[in-house]
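Dear colleague,

Please find the structure below, together with some notes on what turned up in it.

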Amino acid sequence: MREPTFYVLAALLDGPLHGYGIIKRADELSAGRVRLAAGTLYVALDRLRDAGLAEVDREVVVDGRLRRYYRLTGTGREALRAEALRMAAAARLVLGRAGAQP
Amino acid sequence: MLAYPDEYRREREAEIVGTLLDEAVHGQEWPSARQIAALAAGGLQTRARVAAATPRRMLADGLRLGAVMYFVLLCASTIELSLRHTVFGTPSGTLGHFGLVDLEAVVLAICVVALAGAAHEIGLAAIVGAVTIQAIMFRDAPVPFDPPHLIVAGWILVTGVVAALAWHPWLRPLRRPWSARFAALALAGIGLGTLGFLAVDAATLWTTPVLVRLLVVTQPQLSVPVAVLLVAAVAGLDPRPALAATVAVAADAATHLQTLVAFSSYLELPPVQYELGTVVSLVLAGAALAITVVSARRRVRI
């Protein structure tokens with residue numbers, strides 16, 4: 001799983017969000033490290049929808065702007081958890097060793 | 001948003017533009033360079049994602065774009081020849097037929113538009129017409145051209161591709177016209193590129209090193225579009241532009257090869273230019289083929 005995709009899924013953990021909402025949430029969660037451009041975000045969202053990991057929740061028009069909200073599917077939640085466990089295992093591999101202490 | 005497929009734009013443009021506007025700083029009219037680059041890559045990747053659902057369409061699109069590219073290149077060199085006659089007077093080369101060259105340029109332009117519009121029968125008719133004109137020019141050339149059967153080596157390759165697109169039942173169901181935008185853009189590019197080329201050519205042709213001359217001056221009509229196609233293939237994770245580059249460059253290499261063989265007996269022509277041209281084309285074709293295979297095998301990560 002690519003890093004932007006991981007943060008898109010993570011942004012949706014607390015409930016459905018629209019495009020700009022996901023960008024802001026991913027920025028917060030990564031402490032400003034993952035700054036998703038709109039072009040990158042929608043490629044990631046389309047691939048997630050194709051793979052059944054995310055789906056459209058609802059559409060709202062605010063100030064004449066179309067906002068489509070996305071939510072995690074059950075499969076998406078599982079895939080995100082599996083990826084987090086994999087990363088945690090990889091982290092333990094290094095942090096558990098004496099040689100990794102500063 | 002121009003990089004995205006039309007259908008996708010109809011469905012999603014409002015949403016994507018809405019997100020861009022949400023992000024925009026007050027008073028900002030245009031997206032930043034970072035946003036534009038991401039949109040361009042996103043558009044190309046979306047095209048690849050949509051097309052990847054049908055592998056046949058990937059193949060047909062790549063072959064067709066390659067055939068169109070080759071005729072765009074031929075059209076460019078024919079327009080160049082035609083302009084050269086007009087601007088510099090008839091050179092001491094082998095093609096001394098002003099009117100026929102002009103006619104050939106028009107026929108090749110028809111060919112480009114017909115292939116882009118998926119009218120492969122008209123495209124084939126235009127190819128036959130252009131080959132005939134070419135044959136007449138070579139027959140009447142001041143320097144006898146020998147052996148005559150090698151005249152159309154590159155054309156035979158591309159004609160085969162076009163014929164397969166038109167009649168092969170496996171590719172036929174996927175024929176669909178592209179927008180006229182592409183053909184118009186390519187032809188406008190040729191016109192401007194050729195004028196620039198002539199200006200650079202007149203100023204620098206005989207003072208630059210041979211290899212630089214081939215890549216930058218003598219063959220910009222090949223190397224620039226091929227570079228654009230390969231960048232599009234890598235940025236869009238799409239094997240189609242790379243396949244197109246392979247077809248166009250292979251056809252160009254075939255043309256160079258026949259020129260090399262045919263002109264080898266005429267010592268007054270600089271043979272090194274043709275030899276290097278062939279090597280450059282073959283190397284480019286190999287690189288394009290490698291990128292095609294790699295991008296076709298690569299699975300897109302989520």
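A residue is called buried when its relative accessible area is under 20%, exposed when it is over 50%, and partly exposed in between (1.4 Å probe, protein chains only). By this rule B:Ser82 counts as buried, because its relative accessible area is 11%. B:Ser82 belongs to helix H3 of chain B, residues 55-88, where helices (H or I, at least four residues) and strands (E, at least two) are DSSP runs numbered from the N terminus. The C-alpha atom of B:Ser82 is 26 Å from that of B:Gly117, which is 35 residues away along the chain.

Before going further, please keep in mind that this is a predicted model, in which local features need pLDDT of at least 70 and side-chain atom pairs count only at pLDDT 80 or more, while totals for chains, interfaces and linings use all residues. Residues are numbered from 1 along each chain as its sequence is written, chains are lettered from A and ligands numbered from 1 in the order in which they are written, and side-chain values use heavy atoms, with hydrogens and water left out.

In chain A, strand E3 (residues 65-72) is largely enclosed by the rest of the structure, because 6 of its 8 residues are buried. Two strands are said to pair if DSSP finds at least two bridges between them. Strand E2 (residues 54-62) of chain A is joined to E3(A) by 8 bridges and runs antiparallel to it, with A:Ala54 standing opposite A:Leu72. Strand E1 (residues 17-18) of chain A also runs antiparallel to E3(A), through 2 bridges, and here A:Leu17 is opposite A:Tyr70. The hairpin of E2(A) and E3(A) has 2 residues between the strands, and A:Asp63 in it takes a positive phi near 50 degrees.

How much area is buried between chain A and chain B? The value is about 2,300 Å², with 52% of it from carbon and sulfur atoms; buried area is the accessible area (1.4 Å probe) that two parts lose on being put together, summed over both. On the chain A side, A:Tyr42, A:Arg47 and A:Arg65 lose the most area to chain B, together 27% of what that side buries. Between the two chains there are 6 salt bridges, each a side-chain nitrogen of Lys or Arg within 4 Å of a carboxyl oxygen of Asp or Glu. A:Arg65 forms a salt bridge with B:Asp22, at 2.9 Å from N to O.

With best wishes
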